[in-house]
Amino acid sequence: MMVKRHEGSFISLKVYSLFSLILSLKLIEIHSFAFQDSLETKIHKITDFPYDKELELIQATDTLVKTLKMQKTASLQSSICMHESLRSAICETDLIIWSEMIGHFPFLQEAIERHPLLMARVFTSDKLHTAAYLLHKRAGVSSSQWCEKLSKNPPSRYRARKLTTFFKSRLSFSSAEINKVILSQPKLFKYRVERFEEVVDYLSSQVQTSDVKAMVKRWPILLTHSVEKRIKPGVAFLKSLGNSRWKRVLVKYPQVLTHSVHSVLRPKLKYLADLLNVRSAKNLVANYPPLLWLSSDLLLNKLEFLKEKLELTQEEVEVLVETYPQVLGLSIKSNLMPKINYLRQELPPEELRDIVLYQPAILAYSLNNRIIPRFERMKAAGIAIAYAPKYLMSITDKKFEIWLTLQISSWTVVPDDDH
């Protein structure tokens with residue numbers, strides 16, 4: 001009899017295996033104690049069952065499964081916790097999963113009560129661990145993380161094992177790195193690992209393996225895209241921009257490969273050229289690819305904001321963006337507005353405009369950790385901001401202190417000998 005296996009269900013190989021084991025226990029109970037060796041053999045057959053024989057085991061127990069009456073019990077935890085030997089053998093995450101199962105299958109409670117040590121062995125057999133246990137051991141997934149991120153659509157044990165093996169063996173991910181990736185993108189469990197292998201194989205032919213790892217950590221969903229339809233065209237597009245540093249750009253912004261070249265990237269490239277009145281926007285995009293997926297309305301709003309608040313002409317806005325395209329990636333509310341408002345209080349409009357056009361990156365520096373502290377230090381030292389070099393915000397704290405000390409010493413007033 002064939003049976004369809006549902007990957008997202010708790011009822012995986014482990015449950016089917018338990019059905020088979022418990023059926024054996026029921027049969028053995030009617031015989032004498034002399035059949036203990038047969039019981040031990042039965043346990044070994046289940047706990048050491050080859051993975052390529054999973055379907056056979058599922059088929060063999062299908063008839064038994066259909067005869068079981070599924071019910072829920074009032075207390076899910078008590079049936080496991082009542083046996084210290086069993087409780088100490090199961091990890092925290094498994095306790096939740098198995099107590100849930102007992103709620104559906106009351107006969108498991110009876111098996112635990114009759115054979116606690118035997119059931120503990122089955123629970124902790126490596127080949128029969130639940131997905132929760134595997135992810136706990138291999139990726140440090142806690143019970144709270146499992147419940148919050150994975151319990152609604154839990155992966156099968158098979159997929160949990162295969163995905164964690166892929167990350168560890170192919171990309172040299174640590175347990176903490178695997179944890180972060182799978183919890184941020186649980187949908188990875190729905191895809192074939194063979195697809196991920198194809199993506200890694202191709203990317204490894206373009207950049208260093210360590211760079212591929214960095215790309216996947218930065219944008220895990222990249223693994224789910226088609227090499228032929230999305231990844232290869234995306235790499236070819238980046239190369240066509242003419243930037244010799246395209247590999248560095250790719251590693252920093254791997255999400256560029258998740259957008260369609262035909263319907264998103266090329267049309268947006270033309271739109272940017274028209275918007276900024278430039279012959280080609282290739283240089284802008286090569287230096288800051290996110291321009292390709294920022295919405296048109298967002299780009300227009302930021303250009304208008306900069307033009308109004310800094311009192312810039314259209315030509316000056318275009319120069320500003322060409323010099324520092326990253327400015328269009330800054331949030332108006334949390335980044336541009338508070339900085340420009342502060343700078344407008346400290347500097348005359350013309351001086352502010354000159355500084356921003358000379359060094360647009362000033363708008364990206366931290367307001368509370370760099371801009372305000374340096375302005376306050378200069379004012380406390382009696383140094384007019386107008387006399388400061390326009391690049392002052394870009395130098396390191398050490399160089400700023402050296403510059404400030406030199407300014408203070410050079411402006412020291414020497415007493416007149418005649419007085």
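## Loops and rings: a selection tour

Glu 311 lies in the loop between α19 (296-309) and α20 (314-323). The model open in the viewer is predicted.

Most residues other than glycine have a negative phi. With a relative accessibility of 46%, Glu 311 counts as partly exposed, because the exposed class requires over 50%.

Next, select Ser 172, in the loop between α11 (157-171) and α12 (175-184). Ser 172 has 52% relative accessibility and so counts as exposed.

Now turn to the rings. The whole structure contains 7 aromatic pairs. For one of them, select Tyr 342 and Phe 375, which are edge-to-face, with 5.9 Å centre to centre and 85 degrees between the planes. Tyr 342 belongs to helix α21 (residues 332-346) and Phe 375 to helix α23 (residues 367-380), so the pair ties together parts that are 33 residues apart in sequence. Are these two residues buried or exposed? Tyr 342 is buried at 11% relative accessibility, and Phe 375 is buried at 4%.

Then select Phe 166, Phe 167, Phe 173, Tyr 191 and Phe 196 together; they form one aromatic cluster.

Finish with Arg 370 and Tyr 365. What sits over the ring of Tyr 365? The charged end of Arg 370 does, 4.8 Å from the ring centre.

Methods. Residues are numbered from 1 along each chain as its sequence is written. This is a predicted model: local features need pLDDT of at least 70, side-chain atom pairs count only at pLDDT 80 or more; totals for chains, interfaces and linings use all residues. Side-chain values use heavy atoms; hydrogens and water are left out. Helices (H or I, at least four residues) and strands (E, at least two) are DSSP runs, numbered from the N terminus. Buried means under 20% relative accessible area, exposed over 50%, partly exposed in between (1.4 Å probe, protein chains only). Rings of Phe, Tyr and Trp (its six-membered ring) pair if their centres lie within 6.5 Å; planes under 30 degrees apart count as stacked, over 60 as edge-to-face and the rest as tilted. A charge sits over a ring if NZ of Lys or CZ of Arg is within 6 Å of the ring centre and within 35 degrees of the ring normal.
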